[in-house]
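Here is a walk through how the parts of this model sit against each other. Have the structure open as you read, and turn it as we go.

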Amino acid sequence: MAEITLKSLAHTYLSDPRSPEDYAIREMDHVWHQGGAYALLGPSGCGKSTLLNIISGLLEPSSGEVLFDGEVVNALPPEARNIAQVFQFPVIYDTMTVYDNLAFPLRNVKTPEARVHERVMEVAEVLELTAQLKRKAKNLTADEKQKVSMGRGLVREDVSAILFDEPLTVIDPQLKWKLRRKLKEIHQRFEITMVYVTHDQLEASTFADKIAVMYEGQVVQFGTPRELFERPNHTFVGYFIGSPGMNFLEVVTQDGRVMAGDTELAVGQGVHDAVAQARSTNVKLGIRPEFIEVHAEAVEDGMQAHVDHAQDLGTYSIVYLTLGGIPLKARIEEDQPTPTGKAWLRFPDERIGLYIDEFRVEIDHE
Amino acid sequence: MSDSLPTTPDAVRQRAAAADNRRRRSARSASRQWRRRGLMAAYIVFVLLPIYWLLNMSFQSNTEILGGLTLWPEDFTTEHYAKILTEPSWYMGYVNSITYVLMNMLISISVALPAAYAFSRYQFIGDKHLFFWLLTNLMAPPAVFLLPYFQLYYTVGLFDTHVAVALAHCLFNIPLAVWILEGFMSGVPKEIDETAFIDGYSFPRFFVKIFIPMISSGIGVTLFFLFMFSWVELLLASTLTSTNAQPIASVMTQTKGASGIDWGALAAAGTLTILPGIVVVYFVRNHIAKGFALGRT
Amino acid sequence: MNKVYNNRAWWLILPMLLLVAFSAVIPLMTVVNYSVQDVFDANTRFFTGTEWFEVMLNDPALQAAVLRQFAFSLTVLAIEVPLGIGIALIMPKKGWQASAVLILVTMPLLIPWNVVGSIWQIFTRGDIGLMGWSLRELGYGYNITSSPVDAWATIILMDVWHWTPLIALLCFSGLRSIPDAYYQAARIDRASKWAVFRYIQLPKLTNVLVIGVLLRFMHSFMIYAEPFVLTGGGPGSSTTFLSQSLTTMAIGQQDLGPSAAFSLIYFLIILLVTWVFYTAIMNMQKDDKIQEA
């Protein structure tokens, strides 16, 4: 069993890093608890695969420590850590049968053949590979191959964490959900810590209990899918999570009014004060498209916006608006009237997030 | 699987052992690293030693060569090189060799490109048999064709010309080029061709503007092989020429004089034949690592 | 890949076909023609049928040359293939060392074949050659002009020097195409070095090795210039291989009929061996697929 702790971990591929930009992983602390299902979510190039390889031991971090159950394992090679890793492209041993593939990690440590058989059969059963055991691994389909490479991790009795590096990239869309459900099932059955790297928020939120969102080598937020959606810690999380992403309005206070571009925003006192007290020039208000109230008629405290166009997506539609020169998106359920030409917007105070220098600042709502 | 998981003290001990192991292994892997370098160095020495000896000889006077064994030229001289580079009978050998090699490369690649494209993209009557027959030409020993070639080229009046040798080398170079190029071309998705035709490209324009750039490293590797096999071949080249187009390889046999072999000149001439090869490898060195598998991994 | 059925593809093939026909078909027809005739001079010739073939097949000198040829080809293959794989495995993969080693290793392949013979002639001579001289200094009576064993060993050493790079480069190139993830997965699976070689590297090398073995077999079977320069086929005829026998017969003695018959037999042997080897490999791969079904 393993609790994986990252302590002031940082990594760079350069020999003499000068600025934070030179780091693939910027200094961070993080804990993955035993038995959790975690996702590491971020756009390509944000350092998530690097982080994964550091955990598995394929890379040695340039500074900081990786601890398994409180023990520093920096110097331990992958084979000495109790982890397994599933790669983006299925790695299987072409010339072997599925059975031999699954047995491979056990035979490498000279497990008695009877025990090997027992384990292979058990894992094949779980993965629904029993029928394919005698086949050459080379001729399997991509999803079967990926199951085999996962199976090689599960078959080992000492594995306490499995790391997944975008394992569904090459899988057909209709098989993706099946495999994802299988993963979930395995997680519940074996109580193994699983860390799942992906750039797909849907994959992350269906698989994981908690998601770490990475951006430019840092974990900018670690929380449940709901937390990420409702209270993004960083403008990036706002953009990246949700479809479409969060709206951000750059604001300033002018003569005691909160201005976004050339329009005064109708916001509560709490938000007003918080904006007024900000010391930075980079102040943004964020609101999810789902939480913007859109009215076709003028309403009290409604801000008048221009409707550019609307996109009907079946059960809901996305309305593209301009407010004070700033483009916004709002989501309207199908039973609501879709405005044309002009619309009046209201931002519910409790749904507004204040972002100073891109990070969320809590607002004290009276 | 809870029964099979190690208890905590066990796990700790195990991990400590593993860490220990790792330390020992890293020491071992460092020594392995050195063994690896040692073996590589040994092989490089094996490759270079005979060449060094040739170089050594080429800078010695014949009296020094025959006087006794010296590990490096004690009486350093460039007389042999001077002789080769000033006497037309010598240096024309190089000119001739390079001329027919280049001609052969040009002919082979220009007919092999469309042919390889046809084999990689189309099915047609007899395609498989034709391809197999082509490959059998790779297996034909030049010695078999020696006499017929001599007679054929003599009859058509090509004997002792560069074209004769260039054409003769087509025997193995064209099949080789078709075969290598076919491998690379099959690696290019057919959708590329289709998209280009939909975009209104004519076939020749598509071929030159789009397709050829896409397999440029394949072409590089092919040219390397064409150069290699044409440059190193002696039997056909020397049989089909007498004086006007004589390759350097057969000029070298003239070092056998009445007074024995002119070792110095032989060594210097040999050394000079190695140079074009080195130049060619230098240019394609970055493609070799990838392309030598001929698109067939 | 699904190929389109289109007979116009013949137009693309045509230029190539004309050239190869000129340099392969016409000469081959000449050979066939000679092989069934007895030619005295330009105007006098007799049809002999299969007579020359029978003579050639029963010629003990040629039978011996064929055996020698097989012994030679198999020996060099047995040495060069494992050695080439080994070298590919230890070649540096990046940095300037990689380029340098690549160029050095490739060098022997680009030396004209008779120069290879000359290099080894100079290198192994007892009086002026480093190797010959050293062996004699060490007390071994090394002499390739009188001892068939020495001559054989030297020719094999020369061939290994000359051609191992081909296998090494093919394998090096094949190894480079293995994605890093395979090695990483193997480490996580705790595979030993041997297991990595056996289950990851070797399977990836099969294709290039087939090419390598075929090319090496064909070329070693046609070897001519190197032994001709180095030993002249001697001592006696102990290092006279097929190409040299043929050349002597055709050019030296102008025995047109017999040498033509010999040529065809020679060509057929190569074709046959290559074909057997090729179908064997293909069947092995097919078996894999049949087991599946």
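Chain A splits into domain 1 (4–239) and domain 2 (243–361), with bounds that come from an automatic or database domain assignment. Bear in mind that this is a predicted model, where local features need pLDDT of at least 70, side-chain atom pairs count only at pLDDT 80 or more, and totals for chains, interfaces and linings use all residues. Residues are numbered from 1 along each chain as its sequence is written, chains are lettered from A and ligands numbered from 1 in the order in which they are written, and side-chain values use heavy atoms, with hydrogens and water left out.

**The two domains of chain A**

Taken over C-alpha atoms, the centres of domain 1 of chain A and domain 2 of chain A are 39 Å apart. Where they touch, 11 residues of domain 1 of chain A meet 12 residues of domain 2 of chain A, contact being heavy atoms within 4.5 Å. Together these domains bury about 1100 Å², 54% of it on carbon and sulfur atoms; buried area here is the accessible area (1.4 Å probe) that two parts lose on being put together, summed over both. On the domain 1 side of chain A, the residues that lose the most area to domain 2 of chain A are Phe229(A), Thr235(A) and Tyr239(A), which together give 44% of what that side buries.

What about polar links between the two? The count between domain 1 of chain A and domain 2 of chain A is zero salt bridges, a salt bridge being a side-chain nitrogen of Lys or Arg within 4 Å of a carboxyl oxygen of Asp or Glu.

Helices (H or I, at least four residues) and strands (E, at least two) are DSSP runs, numbered from the N terminus. The largest share of that side, four residues, comes from H8(A). By class, the side of domain 1 of chain A that touches domain 2 of chain A has five nonpolar, four polar and two charged residues. For these classes, Ala, Val, Leu, Ile, Met, Phe, Trp, Tyr, Cys and Pro count as nonpolar, Asp, Glu, Lys and Arg as charged, and the others, Gly among them, as polar.

Most residues other than glycine have a negative phi, and most peptide bonds are trans. Ser243(A) and Pro244(A) are joined by a cis peptide bond, with omega about -5 degrees. Pro244(A) sits in the loop between H8 and strand S11 (247–254) of chain A. Asp301(A), a residue other than glycine, has a positive phi near 65 degrees, and is found in the loop between strand S15 (293–295) and strand S16 (303–312) of chain A.

**Chain B, inside and out**

For chain B the domain assignment gives domain 1 (9–58) and domain 2 (83–295). Five residues from domain 1 of chain B and six residues from domain 2 of chain B make up their contact. In domain 1 of chain B, Leu54(B), Met57(B) and Ser58(B) lose the most area to domain 2 of chain B, together 76% of what that side buries. Chain B also meets chain C, with 96 residues of chain B in contact with 96 residues of chain C. Here are the two chain B interfaces in one view.

| Interface | Buried area | Share on carbon and sulfur atoms |
|---|---|---|
| Domain 1 of chain B and domain 2 of chain B | about 420 Å² | 83% |
| Chain B and chain C | about 8800 Å² | 80% |

Between domain 1 of chain B and domain 2 of chain B there are zero salt bridges and zero residue pairs in polar contact (both at pLDDT 80 or more). Across the interface of chain B and chain C there are zero salt bridges, but eight residue pairs in polar contact (both at pLDDT 80 or more). The side of chain B that touches chain C has 77 nonpolar, 12 polar and seven charged residues.

**Two pairs within helices**

Over all chains, the structure holds 26 salt bridges. One of them links Glu122(A) with Arg119(A), the closest N and O atoms being 3.2 Å apart. Glu122(A) and Arg119(A) are separated by about one helical turn because they are three residues apart in helix H3 (residues 113–127) of chain A.

Conventions. A polar contact is a pair of N or O atoms within 3.5 Å; within protein, one must be able to donate a hydrogen and the other to accept it, and residues adjacent in sequence count only if both atoms are side-chain atoms.
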